[in-house]
Amino acid sequence: MLAACASALLLASCLNPPLEPQPLTITLTASRESAAVGEEIRFRYESRGTNLSQTVVEYGTGDMETIPFIYTGGAPVNINSQAGHFDYAYEEAGTYVARATVSTVAGDSQSATVTVVIGGP
């Protein structure tokens, strides 16, 4: 019986080997590069890495969104990813640089930017 349990544990560890750390990366895209004041632009982000803490999306106006990585405990987290989108409408004409920054529990971070031009009504 003990040998069968040991064999089952060994087999399970072979089927689920520890995951290798993944480099920290982030992408940010905009549904369009120009819009009129009040028109929504969809910003999409995708973050990948080991032990993510959060992703922050800034629109270049002082407005931002923070997306924490939800970790519920249990076994250590090896590789994580986040992806999603936000719709944002600019209130004033101008050129804006939106930035997405992903950070890890260890304090590493990586950013990506996209520039959008907003025209008057």
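R32 is partly exposed at 33% relative accessibility, a class that lies between buried (under 20% relative accessible area) and exposed (over 50%), computed with a 1.4 Å probe on protein chains only. R32 also forms a salt bridge with E39, the term standing for a side-chain nitrogen of Lys or Arg within 4 Å of a carboxyl oxygen of Asp or Glu. By this rule the count is three salt bridges.

This is a predicted model, in which local features need pLDDT of at least 70 and side-chain atom pairs count only at pLDDT 80 or more, while totals for chains, interfaces and linings use all residues. Residues are numbered from 1 along each chain as its sequence is written, and side-chain values use heavy atoms, with hydrogens and water left out.

**R32 and E39**
- The closest N and O atoms of R32 and E39 are 3.6 Å apart.
- E39 is partly exposed, at 33% relative accessibility.

**D87 and R42**
- D87 and R42 form a salt bridge, with 2.7 Å between the closest N and O atoms.
- This pair links distant parts of the chain, 45 residues apart: D87 lies in strand β6 (residues 80-89) and R42 in strand β3 (residues 40-49).
- Strands are DSSP runs of E with at least two residues, numbered from the N terminus.
- D87 has a relative accessible area of 34% and is partly exposed; R42 is partly exposed at 29%.

**E46 and R48**
- A salt bridge joins E46 to R48, whose closest N and O atoms are 2.7 Å apart.
- E46 is partly exposed, with a relative accessible area of 32%, and R48 is partly exposed at 34%.

Note on methods. Helix = DSSP H or I, 4+ residues; strand = E, 2+ residues; numbered from the N terminus.
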